[in-house]
Amino acid sequence: MAMSLQTPESIRRLQRKLYLKAKAEPAFRFYLLYDKICREDVLRHAYDLARANRGAAGVDGISFAAIEAAGLEEWLGGLRKDVVAKTYRPEPVRRVMIPKPGGGERPLGIPTIRDRVVQTAAKLVLEPIFEADLDPAAYGYRPRRSGADAIKEVHALLCHGYTDVVDADLSKYFDTIPHQDLMRSVARRIVDRHVLRLIKLWLKAPVEEGGDDGKRRLTGGKNSTCGTPQGGVVSPLLANLYMNRFLKHWRATGRGDAYQARIVSYADDFVILSRKSAAEALAWTRQVMTRLGLTLNEAKDRGSGCPARSLRLSWLLLRPAPLSQGRPLVSRGKPVEEECPPAQSQGQRSAGAGQHGCMA
């Protein structure tokens, strides 16, 4: 089926207004958003985006091909009717285990196509609002940002003397985000009770997974208190929003100056780059993460003190655009060492290393 994934102008105008309002008024709380999620153009574009991402069927076994064979317009009309009437309820999330590059497995949640479309519609409306608040140190799952941009920032900081480095990540981050605290972060901007209800429904959706006996079982549900399943369309957005609490606290308490350090974050992975105090910054970070209900992965948190001005990062596995100096930090799928040129004076810092101003 031929389709254009360019965002329709009507949706772009909506997103632009929401972003500019949120950026201009950091304390403003949005109270009329549910009707935007229900719009025909928003739901249709959400379907197109979900269709382009393909993906397997959820617990109901209904595929994109089956939807279109039965009649897409009728399917979209029925979905919109349920969302408008507020009778829409998400189905359980099908959980599968997928291999990790370094060995082992990680869980992946697969919502039904119906749920993926409504989540995408919500993301189209909510993302511009939350994007206005996200810290510039965050690069994962954001519009017009990528792993390559994170690599360039790490490279620039390394080459300007931030060579005492800790490479860290959060243990089972998507599975351990506390629902109550997450919803407080959402409610800081969103007070539309119908939107808040939607998000709670997705957070409380049961998870269907297979047991050793081959039978499928439901876990989680209404009694669950933490976790936003990986694979859900809104999960990266919510994960970024919760991680933003840590990044904002880092800035608000002046940790960058105290430790002569900078952070580069990509979802639940992050690097602390310091001139001499990375270990102290990591200890402070561990305490703050504990207060947020999160846990650093002690098996992965490691110092990469940078003798001979080189660094090996295991989580940046993308090929960046060519850098003006030195070799790329990584090759495709395999980290390599980066040799930095001699450090420049503070007045000669590249634009890429100057993105650490305070948030509005």
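Predicted model: local features only at pLDDT ≥ 70, side-chain atom pairs only at ≥ 80, totals over all residues.
User: What percentage of the residues count as buried?
Analyst: Buried means under 20% relative accessible area (1.4 Å probe, protein chains only), with exposed over 50% and partly exposed in between. For the 360 residues of the protein, the buried part is 48%.

User: Which residues have the most contacts inside the largest nonpolar core?
Analyst: A nonpolar core is a set of buried Ala, Val, Leu, Ile, Met, Phe, Trp, Tyr and Cys residues joined through side-chain atoms within 4.5 Å. The largest one here has 74 residues, and those with the most contacts inside it are I190 and F246.

User: Which helix gives the most to this core?
Analyst: Helices are DSSP runs of H or I with at least four residues, strands are runs of E with at least two, and both are numbered from the N terminus. With 10 residues in the core, the top contributor is the helix at residues 113–131, α6.

User: What does I190 touch, leaving aside its neighbours within four places in sequence?
Analyst: Contact means heavy atoms within 4.5 Å. On that basis, the partners of I190 are F30, L33, L126, I129, F130, V195 and L196.

User: In what order do the 4 strands of the open sheet run?
Analyst: Two strands pair if DSSP finds at least two bridges between them. The edge strands, each pairing on one side only, are β2 (105–110) and β5 (216–220). Pairing in this open sheet is mixed, and the order is β2-β1-β4-β5.

User: Which residue in β5 stands opposite E208?
Analyst: Strand β4, residues 206–210, pairs with β5 in the antiparallel sense over 5 bridges. Opposite E208 you'll find L218.

User: Which residue takes a positive phi in the hairpin of β6 and β7?
Analyst: Strands β6 and β7 (residues 269–274) pair in the antiparallel sense over 6 bridges. Their hairpin has 2 residues between the strands, and the one with a positive phi near 60° is A267.

Conventions:
Residues numbered from 1 in each chain as written. Heavy atoms only, no water.
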